[in-house]
Amino acid sequence: MGKQDSHRSQPVSGRYHDAMVRTFSGIQPTGEVHLGNYLGAFGRWAREQEPEHFFCIVDLHAMTAPYDPPVLRERVVDVACWLLAAGIDPDVSILFIQSHVREHTECTWILNCVATMGELSRMVQYKEKSAQRQSVSVGLFDYPVLQAADILLYDADEVPVGADQQQHVELTRDIAQRFNARFGETFALPRATLPRAGARVMDLQQPDRRMSKSVSSPQGKILLSESEEITRKKIMRAVTDSGTEIRAAEDKPGVSNLLDLLAATTGAEIAELETRYKGKNYGDLKRDVAESVNGVLRPVRQRYAELRNDPAEVAALLRRGAGAAREVASKTMDRVRERTGLVAS
Ligand code: TYM
């Protein structure tokens with residue numbers, strides 16, 4: 001067993017149980033990474049990493065939307081550089097590319113025979129994405145089953161994600177439960193964990209919509225790759241609400257988003273910020289949000305620039321991560337094959 005398995009020594013009904021929490025999460029190499037990805041997901045992955053934590057660049061998921069092959073290849077390395085720049089340490093946690101561990105596709109097929117058309121049709125992300133397209137691939141429909149395979153192969157207890165991925169993690173739990181009921185205890189049941197603030201960073205121009213790689217306009221999203229000056233301008237031009245009061249409320253989505261960004265980047269509570277900004281104006285708030293966001297991103301942006309100069313080193317780290325991930329995933333697949341009645345090869 002690899003180092004990450006050394007203290008998972010007590011099999012409980014076929015799976016391994018221990019005091020350490022096992023974590024899995026993933027990010028698609030589509031579009032450029034933005035502030036929502038950082039605050040909702042990988043900034044937190046880096047801060048909370050431990051040896052039992054698996055982080056995956058999900059290139060197979062990225063194939064469910066039209067794409068250009070050379071661009072995909074480039075983006076995988078680019079996203080890896082951002083994750084490393086954020087502080088993910090490949091000597092602590094396990095960072096790898098999904099397609100390097102073939103068990104992900106194999107497990108997906110078996111889970112396809114457990115998941116139902118009805119539950120996949122109810123996925124909000126599928127409904128939104130399929131509504132934007134003329135032709136919908138089977139891959140897009142099946143996307144959440146591949147995501148379930150990602151998570152279940154590693155017996156993950158926790159899945160740190162933004163709020164938009166919660167439904168997919170709940171589906172994963174349902175599929176795991178059904179599988180366990182049909183074939184015997186095999187998979188751990190995962191749960192999504194959300195950050196205290198920044199779980200749903202909204203588009204700066206349309207604050208009733210999530211900041212998104214594919215949908216947001218350039219003015220609506222803060223890219224990690226842009227300069228501090230551009231970030232500052234975008235925040236200063238963010239759409240706010242009528243009135244002047246600085247408080248979080250449903251009818252004030254723009255101001256609520258700015259308060260959430262400040263809470264996520266300073267650690268302050270929203271209520272505390274509302275008190276602090278009594279009598280101040282939207283301009284004051286925006287200036288402080290811009291400064292705080294740039295302050296958090298500054299070291300990440302600096303490290304990224306260094307890492308991007310050494311793609312060969314990054315590729316080597318990812319291959320090493322895949323080796324460690326495969327050790328765990330292949331054992332799970334042995335268990336799955338045995339439980340589902342496949343003849344040993
Ligand atoms: P993806 O690539 O869209 O996003 C990566 C992570 O960023 C979070 N996120 C946000 N958080 C806060 N505010 C936002 N505006 C925002 N936009 C995105 C997402 O919630 C996510 O945590 N299906 C997944 C990738 C995936 C995965 C997995 C995740 C594949 N397999 C297994 C967890 C476990 C996705 O499309 O993420």
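Reply: Of the 345 residues of the protein, 50% count as buried, where buried means under 20% relative accessible area, exposed over 50%, and partly exposed in between (1.4 Å probe, protein chains only). The model is a predicted one, in which local features need pLDDT of at least 70, side-chain atom pairs count only at pLDDT 80 or more, and totals for chains, interfaces and linings use all residues. Residues are numbered from 1 along each chain as its sequence is written, and side-chain values use heavy atoms, with hydrogens and water left out.

The structure contains 18 salt bridges, a salt bridge being a side-chain nitrogen of Lys or Arg within 4 Å of a carboxyl oxygen of Asp or Glu. One of them joins the side chains of Arg337 and Glu106, at 2.8 Å from N to O. This pair links distant parts of the chain, with Arg337 in helix α13 (residues 311–339) and Glu106 in helix α4 (residues 103–112), 231 residues apart. Helices (H or I, at least four residues) and strands (E, at least two) are DSSP runs numbered from the N terminus. Arg337 counts as partly exposed because its relative accessibility is 26%; Glu106 is also partly exposed, at 31%.

A further salt bridge connects Glu119 and Arg178, with an N to O distance of 2.8 Å. Glu119 lies in helix α5 (residues 117–121) and Arg178 in helix α8 (residues 166–183), so the pair ties together parts that are 59 residues apart in sequence. Here Glu119 counts as buried, at 6% relative accessibility, whereas Arg178 is partly exposed, with a relative accessible area of 25%.

Loops take part as well. Arg196 forms a salt bridge with Glu269, their closest N and O atoms being 3.6 Å apart. Arg196 is in the loop between β7 (191–193) and α9 (228–236), and Glu269 in the loop between α10 (253–266) and α11 (270–276), 73 residues away. Glu269 is partly exposed, at 42% relative accessibility.

Among contacts (heavy atoms within 4.5 Å) between residues at least 6 apart in sequence, 75% join residues at least 24 apart.
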